[in-house]
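Hi everyone, thanks for coming. Let's take a few minutes to look at a structure together, and please follow along on the screen.

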Amino acid sequence: MRFRIIVAGKPALAYSKTAVAEYLKRLERHGSYDLIIVKAGDRESVSQRLLDASEGCYRVAMDERGIKPTTRDLAKSFEDLEISGEVKTIAFLIGAADGHTPEIRKKSHMTLSLSSLTMQHELALIVLLEQLYRLASIKAGSPYHRD
Ligand SMILES: C[S@@+](CC[C@H](N)C(=O)[O-])C[C@H]1O[C@@H](n2cnc3c(N)ncnc32)[C@H](O)[C@@H]1O
């Protein structure tokens, strides 16, 4: 399974640059994780770019109003997708300041929440990358995730 994380605008905050680099490095040995940066802009243009960059992928719209599975349940869902053989790439779509258009919600296979709280998009990116690292660790049987 390949993973594509799509976000508008390069991470600009110092803490976010450091954390993103750290998790991408950790994820390297677990498979294919691509961070795609699309041009920032208003809600409509960002949403269209997110859709274009995720064409043909299993789309996961990141949104605080989405489903809130446990980490293990999410690991199981992605494992099931991999076993089905129908999905090659899972794309995570992180919105800009004004969030996603209704079209993104319609065209996504899953809407995933990391918390009921609204986060700044660079912080949401870090939390998502940490969860992806956690899922990869569960799959690899490493003791990083304990519950
Ligand atoms: C500042 S938030 C946008 C908030 C926007 N007002 C809205 O109503 O969606 C920017 C992006 O970060 C991501 N995000 C923020 N908090 C999140 C959360 N709790 N769970 C999942 N994604 C989140 C989403 O992709 C969101 O579109």
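Here is something to start us off: by about how much of helix H1 are Glu22 and Arg26 separated? Keep in mind that this is a predicted model. Glu22 and Arg26 sit four residues apart in helix H1, which spans residues 14-28, so about one helical turn separates them. Their side chains meet in a salt bridge, with 2.8 Å from N to O. A search of the whole structure finds ten salt bridges.

Where does the ligand sit? You'll find the ligand in the largest pocket.

Who are the neighbours? There are 21 residues around the ligand, and the ones that come nearest are Met62, Arg65, Gly95, Ser115 and Leu117. Sorted by class, the shell has ten nonpolar, seven polar and four charged residues.

Let's zoom in on some backbone atoms. For Gly95, a backbone N or O atom lies 2.9 Å from an oxygen atom of the ligand. A polar backbone atom of Leu114 is 2.9 Å from a nitrogen atom of the ligand. Asp63 also has a backbone N or O atom 3.4 Å from a ligand nitrogen atom.

And how much of the ligand does the protein bury? On its own the ligand exposes 570 Å², and the protein buries 87% of that.

Notes
Residues are numbered from 1 along each chain as its sequence is written. This is a predicted model: local features need pLDDT of at least 70, side-chain atom pairs count only at pLDDT 80 or more; totals for chains, interfaces and linings use all residues. Side-chain values use heavy atoms; hydrogens and water are left out. A residue is near a molecule or strand if one of its heavy atoms lies within 4 Å of it. A polar contact is a pair of N or O atoms within 3.5 Å; within protein, one must be able to donate a hydrogen and the other to accept it, and residues adjacent in sequence count only if both atoms are side-chain atoms. Accessible areas come from the Shrake-Rupley method with a 1.4 Å probe; for residues, only the protein chains shown count as cover. On a 1 Å grid over the protein atoms alone, a cavity is a set of points where a 1.4 Å probe fits but cannot get out, and a pocket is an open set with protein on both sides within 12 Å along at least five of seven lines; lining residues have an atom within 4 Å of a point. A molecule sits in a cavity or pocket if more than half of its atoms lie within 2 Å of its grid points. Ala, Val, Leu, Ile, Met, Phe, Trp, Tyr, Cys and Pro count as nonpolar, Asp, Glu, Lys and Arg as charged, and the others, Gly among them, as polar. A salt bridge is a side-chain nitrogen of Lys or Arg within 4 Å of a carboxyl oxygen of Asp or Glu. Helices (H or I, at least four residues) and strands (E, at least two) are DSSP runs, numbered from the N terminus.
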